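Student: Could you walk me through this structure while I have it open? I'd like to go from the overall picture down to single residues.

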Amino acid sequence: MRCPICGREFKNVIGLKVHARTTHFGAKCPICDREFAKPHSLVLHLKNKKDSDPKHLVLFYLLRRGNAGYFEGRERAIELLRRGLRI
Ligand SMILES: [Zn+2]
Ligand SMILES: [Zn+2]
């Protein structure tokens with residue numbers, strides 16, 4: 001599956017998550033260009049918007065800490081990644 005931000009290809013979602021957290025984790029939202037004081041605020045922003053916008057949902061899934069934890073919308077985020085959603 002591909003990184004929705006830069007298009008780089010990964011064998012699995014775990015590799016993609018590691019890439020996203022090391023490469024695209026910052027203090028600015030790549031979807032709406034909003035800037036934040038710290039990267040943690042970006043994750044909270046993604047969490048707040050994830051129910052109303054699929055791109056924020058996918059990015060929340062990729063940038064949140066940990067690989068195993070369940071949250072509502074996780075399966076949908078993975079499905080959108082499989083379909084090749086681009087941000
Ligand atoms: Zn990327
Ligand atoms: Zn945003």
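**Overall build**

Tutor: The chain has 87 residues, for which a compact globule would have a radius of gyration near 12 Å, and the chain agrees because its value is 12 Å (taken over C-alpha atoms, with the globule rule being 2.2 Å times the number of residues to the power 0.38). This is a predicted model, in which local features need pLDDT of at least 70 and side-chain atom pairs count only at pLDDT 80 or more, while totals for chains, interfaces and linings use all residues. Residues are numbered from 1 along each chain as its sequence is written, and chains are lettered from A and ligands numbered from 1 in the order in which they are written.

Student: How many helices and strands does the chain have?

Tutor: There are four helices and zero strands, and along the sequence the pattern reads α-α-α-α. Helices (H or I, at least four residues) and strands (E, at least two) are DSSP runs, numbered from the N terminus. Along the principal axes, the C-alpha atoms fill a box of roughly 35 × 25 × 20 Å.

Student: And what share of the residues counts as buried?

Tutor: Of the 87 residues, 17% count as buried, where buried requires 20 or more other C-beta atoms within 10 Å of the residue's own, exposed 12 or fewer, and partly exposed lies in between, with C-beta atoms placed from the backbone.

Student: Which residues make up the largest nonpolar core?

Tutor: That core has twelve residues, among them Leu-16, Ala-20, Leu-42, Leu-46, Phe-60 and Leu-81; a nonpolar core is a set of buried Ala, Val, Leu, Ile, Met, Phe, Trp, Tyr and Cys residues joined through C-beta atoms within 7 Å. Two or more residues come from each of α1 (13-23), α2 (39-49), α3 and α4, and the largest share, six residues, is given by α3.

Student: Is α3 itself mostly covered or exposed?

Tutor: Helix α3 is mostly covered, with seven of its ten residues buried, namely His-56, Leu-57, Val-58, Leu-59, Phe-60, Tyr-61 and Leu-62. These buried residues pack against α1, α2 and α4, a contact being two C-beta atoms, placed from the backbone, within 7 Å.

Student: At what angle do α3 and α4 cross?

Tutor: The axes of α3 (residues 54-63) and α4 (residues 74-82) cross at roughly 100° and come within 9 Å, and the two helices are therefore roughly perpendicular to each other, the class for angles of 65 to 115 degrees, with under 35 being roughly parallel, over 145 roughly antiparallel and the rest oblique. On the α3 side the contact is made by Pro-54, Leu-57, Val-58 and Tyr-61, and on the α4 side by Arg-74, Arg-76, Ala-77, Leu-80 and Leu-81. Leaving aside neighbours within four places in sequence, Tyr-61 is in contact with Arg-74 and Ala-77.

Student: Switching topic, where is Asp-33 found?

Tutor: Asp-33 is found in the loop between α1 and α2, and Asp-33 counts as exposed because 7 other C-beta atoms lie within 10 Å. Its phi is near 65°, a positive value in a residue other than glycine. Most residues other than glycine have a negative phi.

Student: And which residues does Val-43 touch?

Tutor: Not counting residues up to four places away in sequence, Val-43 touches Leu-63 and Arg-64. Val-43 lies in helix α2 and is partly exposed, with 17 other C-beta atoms within 10 Å.

Notes: Axes fitted to C-alpha atoms, helices over the stretch in contact; angles between N-to-C directions.
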